[in-house]
Amino acid sequence: MKHRSLLLKVLSALLVFGAWEIAGRIPVSYAFPTFIESMTALARMTFDGSIFVAYAETLKPLITGVAISTVLGIGFGLWIGLSTRFEWLFSPIFIVMQAAPLAALIPLLVMVYGIGLTSKVFVVCIMSMPVIVLSTSSAVRNTPASMKEMAKSFLAKDRHILLKIIIPAASPVIFSGLRLGVSAGFIGAILAELKITPTGVGDIISYSRSIADYPSMYAAIFSIILLAVLFLNLLEKTENILFKGNDRGYVSD
Amino acid sequence: MVMSQTESAFADAQSLEQDIAVSVQGVSKNYGAVEALKNMSLDFPRGQLTSLLGPSGCGKTTLLKIIAGLLKSDTGKIIVNGKPVTGPGPNRAFVFQDFALLPWASVMRNVAFGLELRGVAKSEREDKAAKYINDVGLAGFEGAYPHELSGGMRQRVGLARALSVDANVLLLDEPFSAVDEQTRRKFQEDLLALVANENKTFIFVTHSIEEAVYCSDQIALLLPRPSRVHEIIRPNINRAIGVESIRRAPEYLDIVDQIWASLRAYVE
Amino acid sequence: MWFKGYKLPNMSSLLIWGLLWEITGQLELTFFVPPLSEVFVTLFNIIGTPAFTKALYETAVAFLGGVFFAIVIGIPIGIFMGRNRLLDELLLPWVNIFVSAPLTALVPVLMVLFGFGLKSIIITTTLFGIWIIILNTRAGVRQINRSLIEMSTSFGASPMDAFTKVYFWAALPEILGGVRIGVIRAVKGVIIGQLLISIVGFGALFELYASNFLMSHFWAVLIVLFALAFTISEFLGYLERKVSYYAASR
């Protein structure tokens, strides 16, 4: 069984990359290089080290922004989840932020903070924070009532209920909210590099487009998507290991 | 059990008088316009199992949660061992319908959780938990997690958790409704053994007539709209005839029929 | 939230934030935050102007086009994936990749392939919205009660009947859930597309206002945009709740 699914994954990758190769050979467009050309460009960038230099630049706002969003987002989320007054005051802001196209704020951020790192960190933050806040607060709010009741009947103090019941019960959902936040953070980081000033991977994409070096452009895009997917998969694996069986167990079967 | 001199003397005096462990006196509870309980009074004799039996909506779980101190009554009071209830206390332990186990904690930690919250040292509480895990027949599963257990085993964990805090009143809220029929019968037999061996007072909410008649020393038949105690029944079935024969005993069948006759008008 | 016995409506705290905004603006603490009242005045002034209606029209066309393709392509693919194991195993890895991949990186490719116009923006919008629709439809179809499928087969339903009369309706709550998230993502996609391509729709308008430091114009358009996005998302949430009644009793 395990064999079959791996085989199909490989087959599926071959089909897509094969289609890419064929489309590039026809070619469907002057701006559509073949898969092999793109991978060669990627290999070249990897060996001359330019891709690592670019990622060092790209990851700076991404990591800073995601870190800020994680700390602030979980803090806000817990607070909103625990206090109805706070929920009434703050949750509408995050609900609107979650639904709204916050990317539209970028021109304003550039006016206020210039074209440096600060603006880019801000872009990552506004993209990733709402989902972290909202999943944390709803996870806190959805702590199974019977577990809280159980703790109370065994004489738990409020502090115990928070530390021993609410936070452990909410952590799987908080963690998957984090994963969504990281995914949105990637979108923000690339958007910032393409829109504000070309640096890092965004620079490779913009520059190679301007000199019509399409294989390099596709290679850079391929690499950033690959990086995001690998990182998010890693987070998902961690999640599965950390919270194995956590979502079951209190439901009867 | 740590008790001051005066307290134990007081408790003794109570038990000499009438030996009532839990007394519900004139309790009412409204949810908005809905009367969940209306002026309810009921006594629970020490060392016995009393069932609260009735159709859904008769307020039996509400009453149990008020006794546990999880809900506040609007009027009236609850007296446990001679003292009024103001909130959850160490003299009562609750067994939940949906088990309420911590899915991220092992059987050991779940059983010891009540003691953990009371600040009992780890080695001490685990010794105690191990004893009760063994008593409920889960020896060998100390390291297992709730999702690895069957429904019946999960409820055994819930029972062990309630026993381990050494409360003298056990409150059971439809504890067997989420386990299958065979497991349920085994549970009922084990419960009878517990009542016989542990000197604890059991208050047992159920909607199964057979279960109530089989297990109880006393049955409080509750009826809804407005919620009230319709009748107190003491089955007095001779349990010495053996667990196999109880369900065929004529007095058992008569009481089941009698209760069904009272209830059938209230079942939609 | 209760205040002196009255239940305060859910979103009412936005009034307090609006008031705070007005005060900040009146105090002239920063050039970038004009008073809310001024923003609203500007809003009513520009809402009928050709520049605004043109931007709104262009955005609406791109958005509706993108959402249309995302739904029309996404739902059938999702149903097929839910019913056919081979197809599922071939496509699922890619759907999972694209549902969380930074799709912004693909916009430059679309620009060189499809030009700097409507076509690229529609495709961007579709790309943002489609994957979650596929995933949710697939999940919805996969959890359809087996006996429901057996029932339709036993009554002689053709594959097409089963498709349109059973699978779609049985999975409707999940499908609508997917469409709601997909549409919210599409709103973000259409704006991101316009910002990066930046010569059409609201993207061009933002660029114009920002470069001329027309702050209240900028905020006015932003408010319209956010309000529209929020309304769309709430409306779809409402639809989803309307069908969720049978999610429990399938």
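Start with the crossing of two helices in chain A: H3(A) passes H8(A) in a right-handed crossing (a crossing is left-handed if the near helix is turned anticlockwise from the far one by less than a right angle, and right-handed if clockwise). To see it, select residues 50-82 for H3 and 158-195 for H8 of chain A; their axes sit 9 Å apart, at an angle of about 145°. Axes here are lines fitted to C-alpha atoms, for helices over the stretch in contact, with angles running from 0 to 180 degrees between N-to-C directions. Helices (H or I, at least four residues) and strands (E, at least two) are DSSP runs, numbered from the N terminus.

Bear in mind that this is a predicted model: local features need pLDDT of at least 70, side-chain atom pairs count only at pLDDT 80 or more, and totals for chains, interfaces and linings use all residues. Residues are numbered from 1 along each chain as its sequence is written, while chains are lettered from A and ligands numbered from 1 in the order in which they are written.

Now show side chains where the helices meet. On H3(A), pick among others A:Gly65, A:Ser69 and A:Gly73; on H8(A), partners include A:Gly181, A:Gly185 and A:Gly188. Contact means C-beta atoms, placed from the backbone, within 7 Å.

Bring in chain C: 43 residues of chain A touch 41 of chain C. Elements giving two or more residues to chain A's side include H1 (2-25), H8 and H10 (214-242). That side divides into 34 nonpolar, five polar and four charged residues.

Finally, hop to chain B and find S9 (218-223). On one side, four bridges join S9(B) to S3 (49-53), running parallel, with B:Leu52 opposite B:Ala220. Five bridges join S9(B) to S10 (228-233), running antiparallel; look for B:Leu221 opposite B:Glu231. Strands pair if DSSP finds at least two bridges between them. Stop at B:Arg225 in the S9(B)–S10(B) hairpin, which has a positive phi near 50°.

Notes:
Contact = placed C-beta atoms within 7 Å. Nonpolar A, V, L, I, M, F, W, Y, C, P; charged D, E, K, R; others polar.
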